[in-house]
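Here is a short report on how two protein chains meet. Look at the model first, then read on.

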Amino acid sequence: MKAESVTSHRGGMWAWLFQRITAVLLIVCLAIHLVFTHIVGIGDISYDTIGDRLAHAGFIAVDIILLAAGTFHALNGLRMVLMDYWFTSRKRALALTVVLWVVGLAALVYGIWALWPWIS
Amino acid sequence: MSKKPRETANIGAGLWKATGMWAWLLFRISGLILVFYLGAHILVISTAQWSEAGKTFNDLMKAFEHPVLVLLDLALVVAVLYHALNGVRVILMDLGIGVRSHKLVYWICMAVVVIVFAVFAYVAFTYIITGKGVM
């Protein structure tokens, strides 16, 4: 096993840094999300109760951060896994990165569209 | 630092005797589960847009109140907590904090997983049994 294949920043320093920044954002926002949605709000989740929660700008910010940071963190994590198996060459890794950026941006737009009835 | 002699042959197999290798594998598996879940989650939430006044969405949320799905949610909490706390450990190692006692740091993180899971399990089972939340 080559040394470079076990270092965690093989996917690039910026991706490595953003993976950690989004990780911290996710821990904070996911804690808020889970406490309010799945502990306080268990059994009481509906179109209307979510509307009440998202009447507060703070909760809108939490949801948007979860969507954006979550999508980046998930797809970059997936990229790191795939680069260990099939997308090992520079050319394949680049193709994978481009595809995942397109998928990620589409997910971001689709996710904001999904939240639109509550946040607009 | 291990006192065992350094293995020179079959290094890959030797790695699996280390806590870190299992931590890494579980990190990967939980991560892949969460990637899949995030996609499903965005799709489910988007059903709010599929019909007037979120009817499809409300029907889905009603279905998710079934005990089996509450238990699946609880299983998801395990994946989230493991990934989050092992992630905390990875960041601490990156920052050079606790490197010398990395196994202790790992087990402290796992203890946090168990404690926080107990809170979620209490809420979930209370809901399954009584049909009510705890708050």
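## Where the chains meet

In this predicted model, 34 residues of chain B are in contact with 35 residues of chain A. In chain B, three residues lose the most area to chain A: B:Arg28, B:Ile42 and B:Gln49. Together they account for 20% of what that side buries.

How much area do chain B and chain A bury between them? The figure is about 2800 Å². Carbon and sulfur atoms carry 75% of it. The size of an interface is often given in just this way, as the accessible area lost when the parts come together.

Two salt bridges are counted between chain B and chain A. In one salt bridge, the side chain of B:Arg28 meets that of A:Asp84, at 2.6 Å from N to O. B:Arg28 is also among the residues of chain B that lose the most area to chain A.

A:Arg20 forms a salt bridge with B:Asp94. Their closest N and O atoms are 2.5 Å apart. A:Arg20 lies in helix 1 of chain A and B:Asp94 in helix 4 of chain B, so this pair joins two chains. Over all chains, the count comes to five salt bridges.

Between chain B and chain A, six residue pairs are in polar contact, counting pairs with both residues at pLDDT 80 or more.

## What chain B brings

Which elements give two or more residues to the side of chain B that touches chain A? They are helix 2 (19-46), helix 3 (55-63), helix 4 (67-94) and helix 5 (102-130) of chain B. Helix 2 of chain B gives the most, with 10 residues.

The residues on this side of chain B divide into 23 nonpolar, seven polar and four charged.

## Aromatic pairs

Over all chains, the structure holds nine aromatic pairs. One of them is A:Phe18 with A:Phe72, an edge-to-face pair. The centres are 6.1 Å apart, with 70° between the planes. A:Phe18 lies in helix 1 (residues 13-40) of chain A and A:Phe72 in helix 3 of chain A, so the pair ties together parts that are 54 residues apart in sequence.

## Confidence in chain A

Chain A averages a pLDDT of 89. In this chain, 92% of the residues score at least 70.

Residues 1-7 of chain A have a pLDDT below 50. Beyond near neighbours in sequence, this stretch has four contacts in the model.

Notes: Residues numbered from 1 in each chain as written. Chains lettered and ligands numbered in written order. Heavy atoms only, no water. Contact = heavy atoms within 4.5 Å. Buried area = accessible area lost by both parts, 1.4 Å probe. Salt bridge = Lys/Arg side-chain N within 4 Å of Asp/Glu carboxyl O. Polar contact = N/O pair within 3.5 Å; in protein donor to acceptor, adjacent residues only side chain to side chain. Helix = DSSP H or I, 4+ residues; strand = E, 2+ residues; numbered from the N terminus. Nonpolar A, V, L, I, M, F, W, Y, C, P; charged D, E, K, R; others polar. pLDDT = per-residue confidence, 0-100. Phe/Tyr/Trp six-rings, centres within 6.5 Å; stacked < 30°, edge-to-face > 60°.
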